Amino acid sequence: MIKEYANLKGYYGAPKITKNLCAKGIKCSVSKVSRAMKTLGIRSIVAEKFVHRKSSMSEEEKSKIVNLIKNLEITGINQVWTTDITYIKTIDEGNYYLITYMDAYSRKIVAWNLEEHQTSNEMIETLKKAVDERNPEPGLIIHSDKGSQMRSESYREFISSHNFAYSYTSLNHSCDENAAQESFHASLKKECIYQHKIRNYLQAYSLIYNYIENFYNTKRIHSSINYLSPCDFEKSLHTD
């Protein structure tokens, strides 16, 4: 844990360190990392301390938080897509937000956008790209964390209107319930973003485009899909 803290130059507090560790396959919880940081006398160098906030969700809202993929056997493409948002920092223009949707079976990034904002509108527009490109059958499950964007009425209505189903990490979930998606964002930052001093949107977009379209989807191999790239793995499904 302390190595992760040092690697991140002290920028991250317990929640983000926990996410990074889980994305690397190290099981832990925010409370466990927080206790370890207190014992070691370290904290994020960012001025504002992490504050545990009580959930603002009503009981009715909580009833809609169901993890449909926790014990699901994923057997083909367009059965489950996962999604998440991560920030991309630029020197001159501040933060932008990368929205990605991944096919859980092939690990292919089926749609992405780099946006100035991270509202439900941006989530829907990116999802539209994936739906137009992939034309999935009714019954597709779209899984995410419990961010307000993914819990919005407009986002849920879009999913329901296509006869898809929305799924969320559990109310008291361990951080591995969207692990592949978070692992992708961690890999993108480690292998691409952190290797450059990114000044503006155009540079960030170009780097992300080349990483996803010209490397990750087409060349980067995964042990979980027979050491093929996502695109090659999907092609193999049509030739078997």
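1. Buried is used here for a relative accessible area under 20%, exposed for over 50%, and partly exposed for what lies in between (1.4 Å probe, protein chains only). Helices (H or I, at least four residues) and strands (E, at least two) are DSSP runs, numbered from the N terminus. The model is predicted, with local features needing pLDDT of at least 70 and side-chain atom pairs counting only at pLDDT 80 or more, while totals for chains, interfaces and linings use all residues. Residues are numbered from 1 along each chain as its sequence is written, and side-chain values use heavy atoms, with hydrogens and water left out.

2. In helix α9, residues 201–216, the buried positions are A204, L207, I208, Y211, I212 and Y216. Seen down the helix axis, these buried residues fall within an arc of 115 degrees (taken from the directions from the axis to the C-beta atoms), so they line one face of α9.

3. That buried set packs, by contacts of heavy atoms within 4.5 Å, against β1 (80–90), β2 (94–103), β3 (109–115), α8 (179–191) and α10 (230–237).

4. Strand β1 is largely enclosed by the rest of the structure, because 9 of its 11 residues are buried. Strands count as paired if DSSP finds at least two bridges between them; β1 and β2 run antiparallel and are joined by 10 bridges, forming a hairpin with 3 residues between them. Strand β4 (residues 141–144) runs parallel to β1 and is joined to it by 3 bridges, with I142 as the bridge partner of W81.
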